[in-house]
Amino acid sequence: MLNEKKERIILGIDPGTAVMGYGIILEKGNKTELLSMGVVKMTHLDDPFLKLQRIFEKTVVLIDQYKPDVLAIEAPFYGKNIQVLLKLGRAQGTAIAAALSRNISVTEYSPRKIKQSITGNGNATKEQVAAMLQRLLNFKETPEFLDATDGLAVALCHSFQKVATSGKSKTYSGWESFVSDNKVKVKGLAVKTKK
């Protein structure tokens with residue numbers, strides 16, 4: 001049997017070298033509460049190493065302030081431009097190093113896995129992810145940069161990955177069966193059912 005804490009703080013980071021998004025949530029039993037979300041802007045910095053320093057320092061400040069139990073971070077995705085991938089990898093590695101310097105465990109999620117866990121669609125847009133987060137975490141303000149909600153999505157994705165310790169995990173055959181068993185979680189969402 002695993003000895004699970006009743007409360008857990010998760011720091012989620014969407015790494016970037018121009019804008020880094022972050023979100024912090026608190027799990028209390030079956031409830032999840034938004035603690036903070038925001039961005040670290042680095043567009044004014046030309047030196048790539050100063051950007052990495054800023055990522056490291058801001059991540060450490062967030063860790064020291066909120067005392068998260070885990071860092072959940074988005075994995076770089078492969079695009080057509082290998083230089084972008086390398087820059088994202090450096091940004092991600094720097095945030096991971098900051099967490100490890102404070103003995104915080106790290107879990108990485110692919111962009112598709114994050115979108116899938118939040119919206120049910122691995123190809124969802126940033127706007128769709130943000131709208132679902134507003135419903136799930138009950139906040140109204142839309143951040144200036146969607147990188148903030150992307151960071152929050154990483155944290156919530158990690159929260160959804162809880163492993164059942166009883167040995168009896170529930171599987172679902174589709175969205176309808178999940179909704180019928182989780183009415184509280186999806187309250188207020190319009191669900192289309194097949195006829």
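Select Thr 149, which counts as buried because its relative accessibility is 1% (buried means under 20% relative accessible area, exposed over 50%, partly exposed in between, with a 1.4 Å probe and protein chains only). The model is predicted: local features need pLDDT of at least 70, side-chain atom pairs count only at pLDDT 80 or more, and totals for chains, interfaces and linings use all residues. Residues are numbered from 1 along each chain as its sequence is written, and side-chain values use heavy atoms, with hydrogens and water left out.

Thr 149 belongs to helix α5 (residues 146-160); helices (H or I, at least four residues) and strands (E, at least two) are DSSP runs, numbered from the N terminus. A polar atom of the Thr 149 side chain lies 2.9 Å from the backbone oxygen of Leu 146. Leaving aside residues up to four places away in sequence, Thr 149 touches Met 37, Ala 130, Leu 133, Phe 139 and Pro 143 (contact means heavy atoms within 4.5 Å).

Next, select helix α1, residues 48-66. At its start, a side-chain oxygen of Asp 47 comes to within 2.8 Å of the backbone nitrogen of Phe 49. Which residues of α1 are buried? They are Lys 51, Leu 52, Ile 55, Thr 59, Val 60, Leu 62 and Ile 63. Viewed down the axis of α1, these buried residues fall within an arc of 165 degrees, so they line one face of the helix (the arc is that of the directions from the helix axis to the C-beta atoms). Phe 49 and Gln 65, on the other side of α1, are exposed.

Conventions. Expected span 1.5 Å × (residues − 1). Polar contact = N/O pair within 3.5 Å; in protein donor to acceptor, adjacent residues only side chain to side chain.
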